[in-house]
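Please read it alongside the sequence and the coordinates.

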Amino acid sequence: MKARAIRIHKHGGPDVMQLDEVDLAGPEPGQVRVKNTCIGVNYADIYEREGDHGGPHSAKEMPITMGHMAVGVIDAIGEGVSGRRNGERVGYIGPDSYADYTNVQAARLFSLPDAVSDLVAGGYLLRGLTAEYLLRRLYKVGPGTTALVHAAAGGMGLILGEWGSLLGARMIGTVSSPEKAEVARAHGYETVINYSSEDFAVRTLAETNGTGADVIYDGVGKMAFLKSLDCIRPRGMVISYGTASGNVGEFDLQRLHSKSIIVTRPTLRSWIADPEEAALASKALFDVLSGGEIQTPIGKQFSLDQAVEAHRHLESRSATAPIVLIP
Ligand SMILES: NC(=O)c1ccc[n+]([C@@H]2O[C@H](COP(=O)([O-])OP(=O)(O)OC[C@H]3O[C@@H](n4cnc5c(N)ncnc54)[C@H](OP(=O)(O)O)[C@@H]3O)[C@@H](O)[C@H]2O)c1
């Protein structure tokens with residue numbers, strides 16, 4: 001069959017993305033074909049488009065169909081796949097999602113509960129599974145935890161604030177403008193620091209009686225990482241989970257010594273690689289999303305052929321909620 005897909009034939013800025021008509025064979029044994037209804041736009045897509053990020057987003061062979069996740073309905077089932085039916089609502093974390101149809105490994109599908117809309121799943125499946133391992137497994141937050149989150153009004157920042165405060169942690173967030181501070185305050189953050197006008201390390205120490213935060217969630221990278229080492233408590237954990245302002249680069253390991261700081265640079269794929277862990281993680285996420293216990297605003301919606309505009313919007317630093325493509 002023919003599918004419409006946003007592809008790149010070379011790395012570069014948003015303009016290298018184009019809408020192509022492609023032949024979609026299959027689904028192969030073990031796969032299902034998903035008719036995508038809502039495609040999440042994530043920073044991982046930008047890293048893949050730019051092609052110089054290293055790590056899990058290192059370059060693939062051209063042309064590359066963009067995207068790392070979507071939700072939709074099963075439209076065809078490959079040989080050897082059991083327990084799935086045509087018309088079933090599913091989500092997936094996987095490649096080639098910027099398209100109207102995508103073949104997906106059946107083992108990597110998540111069944112979507114009725115109470116979770118396509119829009120919410122499109123915006124929050126990848127970010128929510130990330131928040132799950134960041135808050136519940138890599139570092140377990142709860143009552144008595146003080147967590148500092150950078151870019152608190154961004155897509156990841158919102159769900160970390162909502163879920164972290166639901167778990168009982170005291171959430172401190174950094175943002176770059178007074179408008180974003182309002183957004184963060186409405187999504188679980190007790191204290192919000194505008195890091196464009198204030199030194200966030202000095203303020204975090206002041207807010208924690210000079211001790212520092214127990215855990216720091218840093219999705220900003222270059223601009224925020226080293227200063228974060230100044231406001232983590234002794235034996236605390238700095239989690240460098242993203243690089244929206246650029247890669248952190250080399251730093252002196254001795255910076256960790258005097259406070260026994262733990263630093264980690266995780267990726268979601270390691271935390272959902274095991275199917276049992278993935279099932280538990282998605283259950284935890286869908287429970288909070290279905291229970292209405294957390295707010296999950298969705299930002300701008302773009303059509304598939306507006307992927308260029310969608311990337312420009314995410315990179316412009318003005319998005320204050322996840323943005324999605326609707327094929
Ligand atoms: N490791 C993982 O498992 C994993 C999984 C999901 C996402 N991530 C990472 O998490 C990060 C956030 O993802 P997201 O999609 O939810 O994005 P986002 O937070 O909605 O957007 C990035 C935010 O970073 C801040 N920022 C600071 N300097 C920036 C700059 N120079 N350019 C752009 N933004 C800048 C901005 O907030 P302010 O204006 O308030 O500074 C911006 O809103 C990304 O790096 C992504 O790769 C990692």
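A salt bridge is understood here as a side-chain nitrogen of Lys or Arg within 4 Å of a carboxyl oxygen of Asp or Glu, and by that criterion the structure holds 21 salt bridges. The model is a predicted one, in which local features need pLDDT of at least 70 and side-chain atom pairs count only at pLDDT 80 or more, whereas totals for chains, interfaces and linings use all residues. Residues are numbered from 1 along each chain as its sequence is written, and side-chain values use heavy atoms, with hydrogens and water left out.

**Salt bridges**

| D23 | K2 | 2.6 Å |

Helices and strands are DSSP runs numbered from the N terminus (helices H or I with at least four residues, strands E with at least two). The salt bridge between D23 and K2 links distant parts of the chain, since D23 belongs to strand β2 (residues 17–23) and K2 to strand β1 (residues 2–8), 21 residues apart. Relative accessible area is used to class residues as buried (under 20%), exposed (over 50%) or partly exposed (in between), with a 1.4 Å probe and protein chains only. On this scale D23 is exposed at 62%, while K2 is partly exposed at 49%.

The other two tabulated pairs each lie within a helix. E132 and R136 are both in helix α2 (residues 118–138), four residues apart, or about one turn of the helix; E132 is buried, with a relative accessibility of 1%, whereas R136 is partly exposed at 34%. In helix α4 (residues 178–185), E182 and R185 are three residues apart and therefore separated by about one helical turn, and R185 is partly exposed, with a relative accessible area of 43%. Beyond these pairs, salt bridges also link R170, E190, E198, R203 and E207 in a network.

**Aromatic pairs**

A pair of aromatic rings is described by the distance of the centres and the angle of the planes. Rings of Phe, Tyr and Trp (its six-membered ring) are paired if their centres lie within 6.5 Å, and planes under 30 degrees apart count as stacked, over 60 as edge-to-face and the rest as tilted. A search of the whole structure finds four such aromatic pairs. Among them, Y133 and W271 are stacked, because their ring centres are 5.2 Å apart and their planes lie at 5°. Since Y133 lies in helix α2 and W271 in helix α7 (residues 268–271), this pair ties together parts that are 138 residues apart in sequence. Y133 is buried at 1% relative accessible area, but W271 is partly exposed at 22%.

Another pair is formed by F225 and F251, whose ring centres are 5.1 Å apart and whose planes lie at 65°, so the arrangement is edge-to-face. F225 is in helix α6 (residues 225–228) and F251 in the loop between β13 (232–240) and β14 (262–264), so the pair ties together parts 26 residues apart in sequence. F225 is buried, with a relative accessible area of 2%, and F251 is partly exposed at 29%.

**Cysteines**

With a disulfide taken as a pair of cysteine sulfur atoms within 2.5 Å, a search of the whole structure finds zero disulfides. C38 is buried at 1% relative accessibility, and C231 is buried with a relative accessible area of 0%.
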